[in-house]
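The following exercises are to be worked through with the sequence and the coordinates at hand. Each task is followed by a solution in steps.

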Amino acid sequence: MHGIIFSELRKYAETRHGKDTWNTLLRNAGLANQTYLPVQEYPDSEIVAIVGAASSITGLSVSAVLEDFGEFIAPALIKMFGHLLWAEWKTIDVIENTEGTVHSVVRVKNPGALPPKLKTRRNGPDEVVVLYTSPRQMCALAVGIGKGLAKHFNEKIAVNQTSCMHKDAPQCEIVFRQLR
């Protein structure tokens with residue numbers, strides 16, 4: 001997992017739950033004194049352990065933590081990658097084009113980075129279906145990022161996950177629909 005995700009997870013933990021939360025999470029995850037640099041890659045097992053520790057501390061499911069974190073990091077992702085987006089794009093457009101814009105650039109600039117594979121199908125001007133595939137199985141993070149994008153664009157969306165790898169599906173299918 002790319003170090004920027006760890007940096008943003010730290011900001012999330014400290015913003016949502018207080019300054020000392022990060023160190024508590026690291027300790028509970030068995031990663032005390034670990035530092036994460038935004039420009040390095042780290043084992044996926046470490047993000048899984050930290051999110052698991054957050055789940056234990058908050059009483060939220062791992063999926064709920066990931067979704068909330070995804071919503072939290074959307075503004076940072078827009079700041080980092082907004083230059084790749086077309087000015088007229090809104091939530092559904094950004095979701096539809098993430099693989100061809102943001103993920104393709106991430107893979108070129110950071111060869112070790114492995115963002116999820118996204119395939120999309122546009123079902124009309126207000127709906128996009130995302131087929132999410134990743135060994136990390138962090139589809140809840142994608143759901144949260146979609147919700148965070150909607151907040152960024154001052155839009156309302158409905159999200160329906162029609163299949164999930166956590167329920168033995170070969171991929172996750174997430175439907176994002178803009179509400180009017």
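**Exercise 1.** Why is strand 2 (residues 127–133) largely enclosed by the rest of the structure?

*Solution.* The model is a predicted one, in which local features need pLDDT of at least 70, side-chain atom pairs count only at pLDDT 80 or more, and totals for chains, interfaces and linings use all residues. Residues are numbered from 1 along each chain as its sequence is written, and side-chain values use heavy atoms, with hydrogens and water left out. Strands are DSSP runs of E of at least two residues, and helices are runs of H or I of at least four, numbered from the N terminus. Buried means under 20% relative accessible area (1.4 Å probe, protein chains only). Strand 2 is largely enclosed because 6 of its 7 residues are buried.

**Exercise 2.** Identify the pairing partners of strand 2.

*Solution.* Two strands pair if DSSP finds at least two bridges between them. Step 1: strand 1 (residues 117–122) pairs with strand 2 in the antiparallel sense over 6 bridges, and T120 has V130 as its bridge partner. Step 2: strand 4 (residues 172–179) and strand 2 are also antiparallel, over 6 bridges; here L131 is partnered by E173.

Key: Buried < 20%, exposed > 50% of the residue type's maximum accessible area, 1.4 Å probe, protein only.
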